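Please look over the sequence and the three-dimensional structure shown here before reading on. The paragraphs below are meant to be read alongside both.

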Amino acid sequence: MKILIIDDEKNICTTIQSILTDEGYEAKYSLNFNDGMKKLRSELFDVIFLDIWLPDHDGTEGLHEIKKYFPETEVIMISGHGNIENAVETIKYGAYDYLEKPLSLDRIILIIKHLEDKLKLKSDLREYKFNLLKKYELIGTSEPVKQLKSKIEKIAPTNAWVLITGENGTGKEHVARLIHLLSKKSNNKFVEINCSAIPSELMESEMFGYEKGAFTGAANRKIGKLENGNKGTIFLDEIGDMDISLQAKLLRVLETGEFTRVGGNEVIRSDFRIISATNKDLEKEIEHNNFREDLYYRINVIPIYVPPLRKRKDDIPLLTNYFVKESCQTNGLHIKKINKDLMEIFMEYTWPGNVRQLKNIIERMVVLTENDILTAKDAPEFIMQNFASNNKKDVEKEMETIIYRNDNLKKAKERFEKYYILKTLQNKKWNVSQSAKYLGIERTYLHKKIKDYSLDQFRN
């Protein structure tokens, strides 16, 4: 921990410096405010001892200036002419503590020890938040993901309510947690309410809480999730499944910010940000009288759509490698890799279960295979059947085209050979060496065929 002492009395500076150095801290001093600010601009200090009376600057004004440019730096005010008003004013404007001369050396050490603990906690909190952000970062470089990231960065720092839509498994909760972590409420709670998992008869007490004796089995008061999420974020997951009668009560809370616990009369206020998510088309649910139109417009301030995996296939290699590494680390296994043939199979699959399905299948493969490299042999049977079926359909379609042309056998063979070579080159991303190996021919012969059939025109 680095400490700077700013005081016009050199003996005080050297005394504080000496005791701090003896305790293992790095300490420097300045005899006026301007010199102290020069040191602050050139070095990073954790704590400053600042005299309230300096020859070139008022200490209270100096405190304002330091906090303006170095808000994370803790400031301890010291003075030989202290009074209660000065102490209260400096604490109000951000000073950590206020010491009067003659200084108590024991108290200085005690304050520094407390500050060291505080800075350690702040550092741990920053590291924790960094790890959370890393955990919930959006993986992908496709255009849909770039647009999604841009929108999240724009709306997260605001207090606007958000409605996240998308298919099951696309990562709607993932997006909700990322918005919370990037918001001004990130130091407060993220409270999830799963509207589809909790029975409708229990949802009211889960949301609003209840008083002792409110119903049979209510032996003690329970704080509801809306109250628990005060100053934080409430995440209403699968809000499209919420019972219609409860929607009216929720709407009332969202309009007034007030509610009462079940069986109680006390009016409770809670200030929270609402983020909702659903895999349903709420406008169709409104048409079928399953969702309130007024609630829909209340929660749908900022709409965010999370695209399915089939619409962001360029991200599959990044996601796959990330999940392989994550699964190996989670299960205590050495890091494995995935070969190109299996990656191509993954790229062609439609992934109806989206990112969640991809993650689960990769973890299954990582745990079950004993090899260091995951191959097509390790893939689930249904994925391989889908891949074979798609390839068979492509070949059959091309064969029908060739047959209906009424070509002779030689011409038909040439047409199919051209199609088959082109398809292989496209699957191998125009890697001639890999394509030749797959086709079982020499590279020079493949180059000749590419030229004979003018296949370069199909290269992206």
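Predicted model: local features only at pLDDT ≥ 70, side-chain atom pairs only at ≥ 80, totals over all residues.

Residues are numbered from 1 along each chain as its sequence is written, and side-chain values use heavy atoms, with hydrogens and water left out.

The largest pocket holds about 730 Å³ of space. On a 1 Å grid over the protein atoms alone, a pocket is an open set of points where a 1.4 Å probe fits, with protein on both sides within 12 Å along at least five of seven lines, and lining residues have an atom within 4 Å of a point; the points are joined across faces, edges and corners, and the volume is the space filled by probe spheres set on them. Of the 29 residues that line this pocket, Thr-170, Gly-171, His-174, Val-355 and Lys-359 are the closest to its centre. Two or more lining residues come from each of α6 (143–155), α7 (172–181), α13 (316–330) and α15 (354–368), where helices (H or I, at least four residues) and strands (E, at least two) are DSSP runs numbered from the N terminus. The largest share, 5 residues, is given by α7. By type, the lining divides into 12 nonpolar, 6 polar and 11 charged residues, with Ala, Val, Leu, Ile, Met, Phe, Trp, Tyr, Cys and Pro counted as nonpolar, Asp, Glu, Lys and Arg as charged, and the others, Gly among them, as polar.

Side chains of opposite charge can pair when their charged atoms come close. The structure holds 32 salt bridges, each a side-chain nitrogen of Lys or Arg within 4 Å of a carboxyl oxygen of Asp or Glu. One of them joins Lys-428 and Glu-344 at 3.8 Å, N to O. Because Lys-428 lies in the loop between α17 and α18 and Glu-344 in helix α14 (residues 340–348), this pair ties together parts that are 84 residues apart in sequence. Lys-428 counts as buried, at 9% relative accessibility, where buried means under 20% relative accessible area, exposed over 50%, and partly exposed in between (1.4 Å probe, protein chains only). Asp-315 and Arg-312 also meet in a salt bridge, at 3.0 Å, N to O; Asp-315 is buried at 0%, and Arg-312 is buried at 8%. Elsewhere, a network of salt bridges links Glu-211, Arg-221, Glu-227, Arg-261 and Glu-266.

Helix α19 (residues 443–452) has Leu-446, Lys-449 and Ile-450 as its buried residues. Seen down the axis of α19, these residues fall within an arc of 100°, taken from the directions from the helix axis to the C-beta atoms, so they line one face of the helix. They pack against α17 (409–427) and α18 (432–439), contact meaning heavy atoms within 4.5 Å. The face turned away from the buried side carries the exposed residues Thr-444 and Lys-451.

Most residues other than glycine have a negative phi, and most peptide bonds are trans. Ser-454, in the segment after α19, has a positive phi of about 50° although it is not a glycine, and Ser-454 is partly exposed at 40% relative accessible area. Trp-430, in the loop between α17 and α18, has a positive phi of about 60° and is buried at 12%. A cis peptide bond joins Lys-101 and Pro-102, with omega about -5°, and Pro-102 is found in the loop between β5 (97–100) and α5 (105–135).
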